[in-house]
Amino acid sequence: MQWFKFYKQDYLTDTKLIGIDPLMRLVWVTLLCLANDEGIIDYLKEFDLQKMAGCDDQVSGDPTDFERTKGCLDFFAERKMITLQTVTNSNGTVTHHVTLVNYMTRQAINLSNAERQKRYREKNKIASKT
């Protein structure tokens, strides 16, 4: 998929995201960007995710970006934003199979311009009658 629907109001007001470290929010957006059309990411390493999100591995302050985002996948899984399956390969490498919760329901609706206008007019017609 070249693009995905991003609901700015949800991003700004979602109780699961409010008050978390700004780097963790950036990791969340990176997960959205990595997801395929079904909201799935296969063979993901947490370190690679941190690097893609722009975490700096140079010690520039205290704590480092990597320390601030360590355990990010578990963090999102605990908040029920993702489901997480951990896979340990024969060489000891740990990768993750990540599924974004509710991704498909938010992406699946693909209305044409006429359908959006019709829905908007029907919604406003009902609102003006009440």
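The pLDDT is the predictor's confidence in each residue, on a scale from 0 to 100. This is a predicted model, in which local features need a pLDDT of at least 70, side-chain atom pairs count only at pLDDT 80 or more, and totals for chains, interfaces and linings use all residues. Residues are numbered from 1 along each chain as its sequence is written, and side-chain values use heavy atoms, with hydrogens and water left out.

**Exercise 1.** State which element of the protein chain has the lowest mean pLDDT and which the highest.

*Solution.* Next, consider the elements, which are DSSP runs numbered from the N terminus (helices: H or I, at least four residues; strands: E, at least two). The lowest mean, 76, belongs to helix H7 (residues 113-129), and the highest, 95, to helix H5 (residues 72-78).

**Exercise 2.** Determine the order of the strands in the sheet and identify its edge strands.

*Solution.* First, the protein chain contains seven helices and three strands. Two strands pair if DSSP finds at least two bridges between them. The three strands form an open sheet in the order S1-S3-S2, with antiparallel pairing. Strand S1 (40-44) and strand S2 (82-88) each pair on one side only and are therefore the edge strands. Finally, S1 joins strand S3 (residues 94-100) through three bridges, and Ile 41 stands opposite Val 98 in S3.

**Exercise 3.** Find the percentage of buried residues in the protein chain.

*Solution.* Buried means under 20% relative accessible area, exposed over 50%, and partly exposed in between (1.4 Å probe, protein chains only). Of the 130 residues in the protein chain, 26% are buried.
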